Amino acid sequence: QRELAEQARTDPLTGAMNRRAMEEAALRETARSIRHGHPLCAIVIDIDHFKRLNDARGHAAGDRALQELVCLVKSMLRSQDFFARMGGEEFTILLPDSSASAGILIAERVRQAIEALEIPSETVPIKFTVSAGVAQLDPGLGGWEGMLQRADAAMYGAKEHGRNAVATRAPMAAGVDTQSRLKNEAL
């Protein structure tokens, strides 16, 4: 029964948490963050030009890229962090007790590690990049859902400005989002 419960919370291809498990964890962590006044940060990661990779190298290569990304990212996170495949080539990292500035550093390290990753294959190695968006919890801006939406919007902003980048959406005092971008910078 425990094995079945674990399977229901795990993406079968990659072994990462699935969307449902992430949402459950995020609601718990959001409540804990608000209750204790600790920061909480989310990172949304999306593989750049994933359809191109699948079309050029085949779905087996795309699956391998997803699996290697998960293995690499899991190795870079703390035991208290959460990592999920939200669908397709999109992933979310939830960082308890972490501010947006810490999230930006982690997202940039992940981006650099994936950019350097070469997955052996029968022909040429599989290489790809990711774009990432970072947002910190602000209970006044929609809790978990608002944080995830801002991180997702920042990720799309990184894609619109050249891909292989990290961006953030940080609420300003007036409640207006601004976007800052880091591209290929060592932090």
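Is K127 exposed, partly exposed or buried, and what is its relative accessibility? The model is predicted, and in it K127 has a relative accessibility of 43%, so K127 counts as partly exposed. The partner of K127 is E118, and the closest N and O atoms of that salt bridge are 4.0 Å apart. With 48% relative accessibility, E118 counts as partly exposed too. There is also a network: R9, R20 and E24 are joined by salt bridges that share partners.

Next, helix α5. E115 forms a salt bridge with R111, and here the closest N and O atoms are 3.2 Å apart. Both residues sit in helix α5, which covers residues 100-116; E115 and R111 are 4 residues apart, so about one helical turn separates them. Accessibility differs across this pair. E115 is partly exposed, because its relative accessibility is 30%. R111 has a relative accessible area of 1% and is therefore buried, the cut-off being under 20%.

R85 and D11 meet through their side chains in a salt bridge, at 3.2 Å from N to O. R85 and D11 are both buried.

As for the total, how many salt bridges does the model have? The count comes to 14. The general point is simple: side chains of opposite charge can pair when their charged atoms come close.

Technical notes. Residues are numbered from 1 along each chain as its sequence is written. This is a predicted model: local features need pLDDT of at least 70, side-chain atom pairs count only at pLDDT 80 or more; totals for chains, interfaces and linings use all residues. Side-chain values use heavy atoms; hydrogens and water are left out. Buried means under 20% relative accessible area, exposed over 50%, partly exposed in between (1.4 Å probe, protein chains only). Helices (H or I, at least four residues) and strands (E, at least two) are DSSP runs, numbered from the N terminus.
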